[in-house]
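Subject: Structure handover

Hello,

Here is the structure you are taking over. Please open it alongside this message; my notes on what was found follow below.

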Amino acid sequence: MSEEAGPMLVVYDDPSDQRSLSLDDTSSTEESPDETRLSLETTTDAIPYIGQRFVTHDAAYEFYSEFAKRCGFSIRRHRTEGKDGVGKGLTRRYFVCHRAGNTPIKTSNESKPQRNRKSSRCGCQAYLRISKTTELGAPEWRVTGFANHHNHELLEPNQVRFLPAYRTISDADKSRILMFAKTGISVQQMMRLMELEKCVEPGYLPFTEKDVRNLLQSFRKLDPEDESIDLLRMCRNIKDKDPNFKFEFTLDPSNRLENITWSYASSIQSYDVFGDAVVFDTTHRLTAFDMPLGIWVGINNYGMPCFFGCVLLREENLRSFSWALKAFLGFMNGKAPQTILTDQNMCLKDAIAMEMPTAKHALCIWLIVAKFPSWFNAVLGERYNEWKAEFYRLYNLESVEDFELGWRDMVNLFGLHTNRHVANLFALRSLWALPYLRTHFFAGMTTTGQSKSINAFIQRWSIVFGLFGWKSFLVTEIAVGKQVAVAVDFKDQAGEQQTMQQNLQNLCLKTGAPMESHAATILTPYAFTKLQDQIVYATHYASFPMEDGFLVRHHTKLEGGRKVYWVPREGIISCSCHQFDFSGILCRHALRVLSTGNCFQIPERYLPVRWRRISTSSTKLFQTIPSDHAEKVQLLQSMVSTLVTESAKSKERLDTATEQVSILLSRIREQPVSIQGTRDIPIHRNL
């Protein structure tokens, strides 16, 4: 049949006139099968038609591509044909649906592993054919065949934009992305920044995170072996300058860097005191190496994040995570944390069970909540904020029974019975919901304020390490040393500045109770403020003796309450609310019982070392010297803290204190050192 004989298939309003064309045959076929689908999501003037003319075949392609995007599919160039004879050129082109044709079966080769990639091709017959003609003198391209039948579902407008044909990165965006990469920020952060710059909703950029990663990969000209050598040389240089710096690494069979982890001496010392609760964040990616960056973080006695170590991994699998955890424990002398918080990576969950079986594993609530907008915003619409408030209420409940009943009511109220995210959250509830976690120590890291602080700290660290990880920043060994110094100074200066600010605060006693005064001289301002709130709340509670303890409840309540067990002779007290187990701060119920029992000081064991006004080096000192000396050192710590607080209240006091302490310090240095083993122990300069 000639090309000008008429349309092979056009789009009709009457489905009975629809006919399809095989891409392997230029003749018409019988009526389309019932399972084919016809797109009518366009206006009449935007539909290709037989005889339609275009100046170039590229213009025809662009027109058909726009038509396809409106309909819910994309196209690709398929087949070209030319007339017989040399030099006659191209005379016919086919543009087809992106799902046209079938995937050829590859022959298996045991020596060469095959990638198990799924194909979207399903033999779709939709196409547009154009032919070159010179009937009017100037050459032009005319539509000579058109079929719009599809044997697959067409995509919705908000889905079609994810097809590869419509995902493009402009030259301006490429430059922006490369600039972001040099700062060391993650691809996810790049996407958020560009969404804000372009004023588009999250997820509506014309490209995806995968496209950005592919772009960055294409611009990397590094020899992997040289890259490994540079990073390892950097760690060895630090080790030469600081023998207490620790690092471990593995190489793959091709001698390329596979995994590497490191920690500083100060971090290891901090972990010894504050490593009871740890966050292991693996959600960031070091753009320089295109490798996941894992960071271990904790909370110190001033309530500030402290860095324990970090790791770069080639793959996020069970083997890599197990290696990282094992290396970390090696740095920390085999001491595992009581609690470790991570994201929802199931490989990491299994690795923790293997390498840290005694640690309680939980999920970071802030990483879960960060996904809520993409999970529930579209589903709940205007009720999203109402649902989120209900979620937080359930999250903070104390009783497991109340949580599970409330969750069921929440699902019914918002119609979320079939929502997979809600089902998954409930299945993992024992790893994130507070009613299941209150008997484990978390150092306050589950609170909103602390979670934001930790997340911001991790973000800053990922940027710092991004700066000295990329080879273009490793110009000389001196530059390496400077950038490592930046990372260390960033940590130390920020921590010391906030510590100083807390120590200069004027602690205001609210009750005048001896317990409050005593705690103020021992605990850091951060911890004391938490305890002080509980002391104030305790004054509003009543305690009732029982056979096996006390029942404590608010003075306005006639029922309920908390059960408190107290053994005065042994100085042991516990409460059914488990607040001390959870945060290391005594609860109002226990404090009420202590007050009722004429206890004027909080027992020593309930003023944990991790919340006291001591440095990590002082803690090492306590472990080295006899207990009676340790008590005196502890008393001196409290006196020094009080001295700083009182002296800072006026210039005159500060001048007097500085003068007298200088005289006292000179006299002390004249005294001989009599305690064996303490000569070389460092004392923190703040003391």
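Strands β18 (residues 549-554) and β19 (residues 562-567) run antiparallel and are joined by 3 bridges. Please keep in mind throughout that this is a predicted model. Within this pair, Phe550 stands opposite Val564 of β19. Val564 also has a bridge partner in β20, namely Cys575. The pairing of β19 with β20 is antiparallel too and covers 4 bridges. These two strands make a hairpin with 4 residues between them, and Gly571 in that turn has a positive phi of about 65°.

Taken together, the four strands form an open sheet in the order β17-β18-β19-β20, with antiparallel pairing. Which strands stand at the edges of the sheet? They are β17 (541-546) and β20; each has a single partner strand, so one side of each is left without a neighbour in the sheet. From one strand to the next, the twist averages 25°. Helix α20 packs on this sheet and touches β17, β18, β19 and β20, its direction making about 70° with that of β17.

Most residues other than glycine have a negative phi. His578 is not a glycine, yet its phi is positive, at about 65°. His578 sits in the loop between β20 (572-575) and α19 (579-583), and it counts as partly exposed because its relative accessibility is 29%. Asn598, also not a glycine, has a positive phi of about 60°. This residue lies in the loop that links α20 (588-596) and α21 (616-624). Is Asn598 buried or exposed? Its relative accessibility is 57%, so Asn598 counts as exposed.

Next, the helix pairs. Helix α17 (residues 514-522) and α18 have axes that come within 10 Å and cross at roughly 170°. That angle is over 145 degrees, which means that α17 is roughly antiparallel to α18. In this contact, Glu516, Ala519 and Ala520 of α17 meet Phe528, Leu531, Gln532 and Ile535 of α18. By class, the residues of the contact are 5 nonpolar, 1 polar and 1 charged.

A second pair is α12 (residues 384-395) with α13 (residues 400-414), packed at an angle of about 170° with their axes 10 Å apart. These helices are therefore roughly antiparallel to each other. On the α12 side the contact is made by Glu386, Trp387, Glu390, Phe391 and Leu394, and on the α13 side by Phe403, Gly406, Trp407, Met410 and Phe414. The contact of α12 with α13 has 7 nonpolar, 1 polar and 2 charged residues.

Now the interior. In soluble globular proteins, nonpolar side chains tend to be buried together. The largest nonpolar core here has 93 residues, and those that touch the most other members are Phe372, Trp387, Trp407, Trp432 and Leu531. Helix α18 (residues 525-538) gives the most to this core, with 6 residues. Which residues does Trp432 touch, not counting those up to four places away in sequence? They are Leu363, Ile365, Ile368, Phe391, Tyr395, Phe403, Trp407, Leu425 and Leu437. Another core, of 24 residues, lies apart from the largest one and includes Val273, Leu325, Ala351 and Ala359.

One further residue is worth a look. Arg213 is in helix α5 (residues 209-219) and is partly exposed, with a relative accessible area of 26%. Leaving aside residues up to four places away in sequence, Arg213 touches Val187 and Arg285. Arg213 and Val187 are 26 residues apart in sequence, and their C-alpha atoms are 7.2 Å apart.

Finally, the chain as a whole. It has 23 helices and 20 strands. Of its 687 residues, 45% count as buried. Among contacts in the protein chain with a separation of 6 or more, 61% are between residues 24 or more positions apart.

Regards

Conventions:
Residues are numbered from 1 along each chain as its sequence is written. This is a predicted model: local features need pLDDT of at least 70, side-chain atom pairs count only at pLDDT 80 or more; totals for chains, interfaces and linings use all residues. Side-chain values use heavy atoms; hydrogens and water are left out. Buried means under 20% relative accessible area, exposed over 50%, partly exposed in between (1.4 Å probe, protein chains only). A nonpolar core is a set of buried Ala, Val, Leu, Ile, Met, Phe, Trp, Tyr and Cys residues joined through side-chain atoms within 4.5 Å. Contact means heavy atoms within 4.5 Å. Two strands pair if DSSP finds at least two bridges between them. Axes are lines fitted to C-alpha atoms, for helices over the stretch in contact, and angles run from 0 to 180 degrees between N-to-C directions. Angles under 35 degrees count as roughly parallel, over 145 as roughly antiparallel, 65 to 115 as roughly perpendicular and the rest as oblique. Ala, Val, Leu, Ile, Met, Phe, Trp, Tyr, Cys and Pro count as nonpolar, Asp, Glu, Lys and Arg as charged, and the others, Gly among them, as polar.
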